[in-house]
Amino acid sequence: MKLKYNIISIALISLVTVSCGKKEAAQEKAPEKTEQKEKVTEEAPETIASLTEEQMKSVGVAVGTVEMKELTSTIKANGLLSVPNSNKATITSLYGGIIKTLNIQVGSIVRKGQVIATIANPEYIQLQEDYLTTNSRITYAEQEFRRQRELFDNDAGAKKNLQTADAELKTLRTKKASLIKQLQMMGISPGAVSNGNMKSGLVITSPINGTISGITAQIGSYVDISSPVATVIDNGSIHLDLQVFERDLPKMRVGQIVHFKLTNNPETEYDARIYSIGSSFENESKTISMHCEVTGNKSGLIDGMNITGIVSLDKSTTPAVPTEAIVEADGKYYVFIQTDKKAEDHDEKGKPHPKTLNFEKIEVMKGTSDMGYTAITPVGEIAPNAKIVVKGAFFVNAKLVNSGDHEH
């Protein structure tokens, strides 16, 4: 009998021990499940932001709708400012000589025909002497021709003598015409040349209006037609050569507007208009040159400057929102729409904030930007009449980020 009671006692003790072990194991596993749930909650991104009316007023948050806007699409391209060769000039002297005066500096603004330097050479005096001598010989030759004509008409002179006098007169007149042209090219008036008024120096003038860009001579140096004195550029006719890639060529049209900025001065914007499209690739860059006429302000533009330009293409009507309604996060773009969904955001007592509006973060794809609006294509779905944050989206996003940090 006693043995029977001992067996029952041992069985009860074993059952109690097994039961306690299972409870302890269950208690040890329970926190792990709770931790896993907490981890899942922490990893889930927050997409709902709640703001009170007071918060919205204080930071200037405003709501609106997605609008249909006529926006102009654009293409970005680099380019170079240049001046046509017809508006560049090398200033030279047609005759050799020693520079006596130099009236210009780099950057000087000159007008067409303005004297920039004077040169001297004794040979100039010889040319004027030949002109005066030829004039005197012509006077004598004319008299001799008239005399031979009278003798021939009265059968008192030979025809050969008349022909010789005629040939001599024509030769002298031809030489005079040549000397006149040479004197005019030298800047000397033939009518002003006399025995007491011969010039030993010549003037060098600018062939075009423009700005002196370089000087290669100095006082005392010898110059001639092969050695330039200076170079002048008319920046008033400056134009833009914009390099566009082959894939964008079908979108280009004559007459399109280009807005551009200097690479080293991006604060000022200039305008140009495409007047010619190139028909060949530039070097090995696989780009085609768009020749553009600079319109409006040209101050500060110099031949050879690098620029960055935006070409305005055709307009299209597309869903758009104010550019400031779009926020960027982790390389993606988002907008906030008003929603009835609730955010997991409570105060310390566990009570929801009074009079709050909820905004859901929706991913979108950005499109063309123009006149303060940007075209969007929702990745998800946005109802046609949805209210969207059009002003203060940055603050709404900051509120969402701060809320997520607080819960974490």
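Through how many residues does a hairpin join β13 to β14? In this predicted model, the hairpin that connects these strands passes through two residues. Strand β14 covers residues 265-281, runs antiparallel to β13 and is joined to it by six bridges. A further antiparallel pairing, of five bridges, links β13 to strand β16, residues 306-322. Histidine 259 is placed opposite aspartate 271 in β14 and opposite isoleucine 310 in β16. Side chains alternate along β13, which comprises residues 257-262.

The largest nonpolar core contains 26 residues, and the most contacts inside it are made by Ile91, Ile116, Ile119, Ile204, Val229 and Val232. At least two residues of this core come from each of β4 (88-91), β7 (115-120), α3 (123-153), α4 (159-185), β8 (201-205) and β11 (230-233). Helix α3 supplies the largest share, four residues. Apart from this core lies another, of 25 residues, including Leu240, Leu242, Ala272 and Ile288. In soluble globular proteins, nonpolar side chains tend to be buried together.

When residues up to four places away in sequence are not counted, isoleucine 204 touches Ile91, Thr92, Ser93, Gln114, Val115, Ile116, Ala117, Ile119 and Val229.

Phenylalanine 395 belongs to helix α5, residues 393-407. This phenylalanine 395 counts as partly exposed because its relative accessibility is 39%.

Note on methods:
Residues are numbered from 1 along each chain as its sequence is written. This is a predicted model: local features need pLDDT of at least 70, side-chain atom pairs count only at pLDDT 80 or more; totals for chains, interfaces and linings use all residues. Side-chain values use heavy atoms; hydrogens and water are left out. Buried means under 20% relative accessible area, exposed over 50%, partly exposed in between (1.4 Å probe, protein chains only). Two strands pair if DSSP finds at least two bridges between them. A nonpolar core is a set of buried Ala, Val, Leu, Ile, Met, Phe, Trp, Tyr and Cys residues joined through side-chain atoms within 4.5 Å. Contact means heavy atoms within 4.5 Å.
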